[in-house]
Amino acid sequence: MSTLFYISSIVAVASTVMVITRYHPVHALLYLAVSFLSVGMIFLSLGAPFVAALEIIVYAGAIIVLFIFVVMMLNLGRETAQQEKEWLQPKVWVVPSILVLILLVEMIILLFSDNKDIMRISVVDPRKVALSLYGEYIIAVELTGFLLMAGIVGAAHIGKHKRSSLHRFLQNGENGNGKAHTGVPPEQVSNEQTVLHD
Amino acid sequence: MNQLLAYIPAFPLIGFLILSLFGRKLPKPVIATIGAGTVCIAAIITIVLGVSFLQTPPAGGAFHQLLWSWFKVGKLSIDISLQVDALTLVFIFIITFVGALIHIYSTFFMWHDGDYARFFASMNLFVCAMLLLVMADNLVLLYLGWEGVGLCSYLLIGFWYEVPSNCRAANKAFLITRIGDTALLIGLFLLFRELGTLNIQGILQQAPAHFTTGSANIVLITILLMIGGMGKSAQMPLQTWLPDAMAGPSPVSALIHAATMVTAGVYLIARMHGLFQLSPVTMTIVAIIGACTLLVAGCSALAQTDIKRILAYSTISQIGYMFLALGVGAWSAAIFHFFTHAFFKALLFLAAGVVIEALHHEHNIFMMGGLRKRMPIVFVTFLAGAAALSALPLVSAGFFSKDAILWYSWSAANGNVFLWLMALAGAFITALYSTRLMLVVFWGEPKTPVHEAPAQGMIIPLIVLAFFSVTAGFIEWPHNMMHLTLFSDHVQKVLPETIMKAYLPSEWFFQAIAALVTGAGIYLGYTMYYGKAGVRWQQSPGLASTREFLFSGWKFDQLYNFIFVKPFLFLTRINKSDVIDRMYNGIAQGSLRLSNWFSVSQNGSLRLYIVGVLAGILFIITLQLLL
Amino acid sequence: MTDSAHMVLMVATVLFGLGLIGVLTRKNVVFMLISVEIMLNAAGLAFVAAGSKWQQPDGQVMFLFILAMAAAEVSVGLALVLQIYHQHKTMDVEDLKELRD
């Protein structure tokens, strides 16, 4: 168990480092999948198989797939990688990395400073989780349902291609970029917008 | 007879109302009839009333008429109530009689002016207010009249308002008299607090019991009343408005700034004599102010070249004589001088108006000259006025009144040799500048052609006034001659008799000196200004700075400019941007600047925001580690 | 299994830190979202470890909530990314400064 934990931990950290250093988005996403899988292994080693399964299904499955969809839709390929290479100069990442390292050191010091007694880990079986989830946390589950619903509706609404109702604050920049509102007949523009932009 | 009282101020008021409401639509003859007629009716009623008063003196020495109650607040009850006693009778006689003559004169003098109705409306309102002032039986009504005459004075000085300097003169008169008015008002408040009444008779009766002689309260009250009188009567140091007030038409100068309004201060002090007698300090101050004023104004009159300004300074000087007489306790002498002065000064102003009119609005006396032959009637009347002004012995009204003041300034208990010497010097100067005025204007070479003869209606008032300027003095003779004391007998029904010193030198002696001094003044004027000498004298370079000093009225305007206006302007300049507001502006600008500083952080860079969050986390955790 | 909970929490901390570095250094919105996913995942790991340590189910329950939240967040976030790309033709967060002062 312990060995499993250490191995999967090393894999998780290493793949995460790869995620944040890749230039090509698809490479990064593949390393992210590896990272999620190894975190799932950590869950398994902690004796939480249900969570491990969910980790693999939702994170490594659904979320990664979503990302890949987006990458495909936006056609983020070699040019993006080239751009990332230009953007990731040392002067960009050195200072944030130092700050985060300080934070990391401080948190680890805090972690190991207060109590020295051994933290034993025992298995919590899915049955207890299910009872707790649908017992005392039932309202939170309902709320999570609302959240997911809102997420779906929001994503559907935002992701819809409706160039006509560009927010009026954004329209100036849009005109500056020279992007034409081809789908908008002038008579459909509301009075308010007309007044504002005249 | 009591019922007649209200009609005296009512007729001018009716005239004012008609003229101010319908004046623009009425033809000029109607305006003239209403304007002069109402005042003439008032004068006739006054004469009827006066005859009745003298024949059968009313009980208590005064006519009373209660019109209606004005207002009642707590203990304070103010009535619109009129009262005519011997003192008031003298004043209303002068106001209505001289006023009527001046109105008749004005109907011709102002004939060509576009604002005929406005002029007569203001004049009628003035007569009404002045009558209220002297007929009021309480001090609040008196104050109403007091402010009313101030308002009319303002309106009439600025009558030709198209000229900016006239408006400035009107403002100056209004503002400077306002200083006195404020003091008077505070004095009235104090009186009410002390005595609980503002009824004049009530005050005079209660005052001796309530105040101890010379106590701080009574001194303060009388000084405040005195300052009120000084403002209205153009006494030092509030005299600077009167010479500028000559910007108004000549009849206005004659009526308001010579005969009536400027003597309101004299009336106030005489009316409140009971209070002033309780405060010897104030009496002395009044006398000193009068003496100083008559000298200062007399000297200024010597150097003036504008005929009306000469008369204005001489008015200040003559009122100074009245104040001197009041100050030494010669009440009846002061009122007598007011009586004669009203005639001859009104005469002089009206005659000056005729001269100015005839010479194309020429004010400078050195541009006149030689008018003796060309305007003989004006010359004769002017001569009568000037003789009265310089107190030519026995043949002028001015002699009798001024001689009485000179005599009392020595012989009254409050008088002393210095006041007498100052008054004597004033008499000398008066004779000198009167002679100068006469010689320069009526003798010598003609310098400006006369373009029209004065209207007959303007000449008649001059003749009437000249007659009174000569004869008005005959009702009161010095004690050593004839001992005819009609006037002082009449006035002393109200005013106390003058307290005299125990051991007195012969009055003859003083009269001789006074006559001699007057003669010397006239002779000096004759030698200096007769023939070509006048021009030489006027142009002698050695005296230029002195002449300049006197010409500007002893630099009082410049002094006030330096003492009051400059510091005030300095303060306003400091406070131009509102010192107190600057603090609040500072707060606003400080927060605006802070906002600008901090809004640099809101630069839209998402990564910088996250760094901010990280820095916050780091700060908190570091804090936990360190503590 | 000595010090296991400590070790798990340390791994979670390291993962969180790496995610944070990713958010801070990347300019591309997609990479920032990926890094945010890593941070959320690390937080979930810490919850599960804490739950195991106290032998309570609450840690895993919290992980489930984080999971749901992450799903919702990533769907909305990616929809926004699409819109941003359509409207601005860029993925650079430094160019998205319409809300600056």
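## Exercises on a predicted model

Across the interface of chain A and chain C of this predicted model, ten residue pairs are found in polar contact, both partners at pLDDT 80 or more.

**Exercise 1.** Describe the side of chain A that touches chain C by its elements and by its residue classes.

*Solution.* Start with the elements: those giving two or more residues are helices 1 (2–21), 2 (25–46), 3 (49–74), 4 (78–87), 5 (90–113), 6 (126–134), 7 (138–159) and 8 (168–177) of chain A. Next, look for the largest share: helix 3 of chain A provides it, with 13 residues. Finally, sort by class, which gives 59 nonpolar, 15 polar and nine charged residues.

**Exercise 2.** Find how many residues and how much buried area chain A and chain C share, and identify the salt bridge between them.

*Solution.* Count the contacts: 83 residues of chain A touch 73 residues of chain C. Then take the area buried between the two chains, about 7,300 Å², with 77% of it from carbon and sulfur atoms. Now turn to charge: the rule finds one salt bridge across this interface. Its partners are R26(C) and E84(A), at 2.5 Å from N to O.

**Exercise 3.** Classify the packing of helix 4 and helix 10 of chain B.

*Solution.* Helix 4 (residues 116–135) and helix 10 (residues 250–259) of chain B pack at about 5°, their axes 11 Å apart. Angles under 35 degrees count as roughly parallel, so these two helices of chain B are roughly parallel to each other. Helix 4 contributes F119(B), M123(B), F126(B) and V127(B), while helix 10 contributes P251(B), V252(B), L255(B) and I256(B). By class, the contact has eight nonpolar, no polar and no charged residues.

Key: Residues numbered from 1 in each chain as written. Chains lettered and ligands numbered in written order. Predicted model: local features only at pLDDT ≥ 70, side-chain atom pairs only at ≥ 80, totals over all residues. Heavy atoms only, no water. Contact = heavy atoms within 4.5 Å. Buried area = accessible area lost by both parts, 1.4 Å probe. Salt bridge = Lys/Arg side-chain N within 4 Å of Asp/Glu carboxyl O. Polar contact = N/O pair within 3.5 Å; in protein donor to acceptor, adjacent residues only side chain to side chain. Helix = DSSP H or I, 4+ residues; strand = E, 2+ residues; numbered from the N terminus. Nonpolar A, V, L, I, M, F, W, Y, C, P; charged D, E, K, R; others polar. Axes fitted to C-alpha atoms, helices over the stretch in contact; angles between N-to-C directions. Parallel < 35°, antiparallel > 145°, perpendicular 65-115°, else oblique.
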